[in-house]
Amino acid sequence: MAHVRNKQVILRDYVSGFPKETDMSIVESTLTLKLPEASNEVLLKNLYLSCDPYMQILMTNVEPGSVSYAHSLSQPLTGLGVAKVLESGHPDYKKGDLIWGLTKLEEYSLVPSTQIQFKIEHTDVPLSYYTGILGMPGMTAYAGFFEVGSPKKGDKVFVSAASGAVGQLVGQFAKLTGCYVVGSAGTKEKVDLLKNKLGFDEAFNYKEEPDLNATLKRYFPEGIDIYFDNVGGKTLDAVLLNMRVHGRIPVCGMISQYNLAQPEGVTNLTNLIYKRVCMQGFVVSDFYHLYPKFLEFLLPHIREGKVVYVEDIAEGLENGPAAFVGLFSGRNVGKQVLLVARE
């Protein structure tokens with residue numbers, strides 16, 4: 001019976017405000033590479049782990065049971081990842097299978113089979129893509145834009161946090177649909193990326209725009225049909241002044257609000273009435289039944305180079321806390337991934 005040392009990223013202190021590297025610790029434990037008797041769990045070797053803003057919510061001291069998979073002190077953080085099955089007590093998975101789903105930020109994980117989202121069947125693309133473009137962020141972009149946003153050719157589309165894991169795909173999906181698309185980001189490097197690599201029609205650095213309402217009027221003189229909201233706050237408030245009649249706002253995330261003791265108020269909500277705008281929040285797990293359709297749509301575009309994806313890969317679990325914290329200052333360029341082990 002093999003025993004291995006298992007490096008882990010554990011939650012040291014509950015997060016208040018912006019997460020800090022000191023809220024997490026790197027520890028080592030010992031794991032037996034053998035399933036418990038009569039277990040239907042799955043033993044995984046983690047290959048790639050995903051760093052996502054939503055994880056910050058799970059690191060706060062929430063009421064027990066109020067948030068699924070909320071993190072506990074002195075326990076490994078939970079997150080999405082790509083892994084190889086070492087041993088399985090469930091008939092759907094066998095040794096050697098590659099999967100993506102909920103795992104833990106550690107080298108080896110024992111997880112319930114219900115936490116595994118999908119078996120990986122297509123390995124002609126980078127495995128890391130299943131933390132991003134072919135995983136939860138990709139499905140989020142697909143479901144939010146096509147299912148909630150209901151785009152049509154010629155629509156005017158605005159995407160905030162546009163160079164991130166989800167935003168970069170929404171912009172490309174909009175171009176494939178025949179839309180005009182503008183993205184906002186927080187550095188010149190990211191703005192250049194949006195325009196020169198990801199195919200956005202226009203992009204701007206929101207940090208250099210003191211009047212977002214005037215900025216949006218400059219890029220959208222006829223108004224916005226679809227706003228894909230990743231940030232909330234002041235950006236959402238300015239967008240509401242610039243929506244067209246019967247516009248749609250898929251609400252994906254509000255990263256500008258996650259670390260505030262008192263969230264900012266939104267003052268322009270009356271525009272939802274006057275302009276008959278549909279503003280709808282969504283959770284990606286409600287759309288996982290569309291995953292086969294999503295792969296059928298996206299894989300050919302990836303193989304033909306019609307959709308590209310930018311990743312920011314940090315190597316080694318010891319760099320996990322810094323990679324995660326960097327999400328909230330915009331340090332990453334593209335999807336933040338943690339490489340734990342090569343297959």
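Strand β12 (residues 243-251) pairs with β13 in the parallel sense over 4 bridges, two strands being counted as paired if DSSP finds at least two bridges between them, and Ile249 stands opposite Met279 in β13. Strands (E, at least two residues) and helices (H or I, at least four) are DSSP runs numbered from the N terminus. The model is a predicted one, in which local features need pLDDT of at least 70 and side-chain atom pairs count only at pLDDT 80 or more, whereas totals for chains, interfaces and linings use all residues. Residues are numbered from 1 along each chain as its sequence is written, and side-chain values use heavy atoms, with hydrogens and water left out.

The open sheet is formed by 6 strands in the order β10-β9-β8-β11-β12-β13, with parallel pairing. Because β10 (202-205) and β13 (278-281) stand at the edges, each with a single partner strand, one side of each is left without a neighbour in the sheet. Helix α2 packs on the sheet, touching β8 (156-159), β11 (224-228), β12 and β13, where contact means heavy atoms within 4.5 Å.

The largest nonpolar core has 60 residues, and those with the most contacts inside it are Trp100, Ile133, Leu134 and Tyr291. Such a core is a set of buried Ala, Val, Leu, Ile, Met, Phe, Trp, Tyr and Cys residues joined through side-chain atoms within 4.5 Å, buried meaning under 20% relative accessible area (1.4 Å probe, protein chains only). Its largest share, 7 residues, comes from helix α2 (residues 136-148). Apart from this core lies another, of 19 residues, among them Val15, Met59, Leu77 and Leu338.

Terms used:
Buried means under 20% relative accessible area, exposed over 50%, partly exposed in between (1.4 Å probe, protein chains only). Axes are lines fitted to C-alpha atoms, for helices over the stretch in contact, and angles run from 0 to 180 degrees between N-to-C directions.
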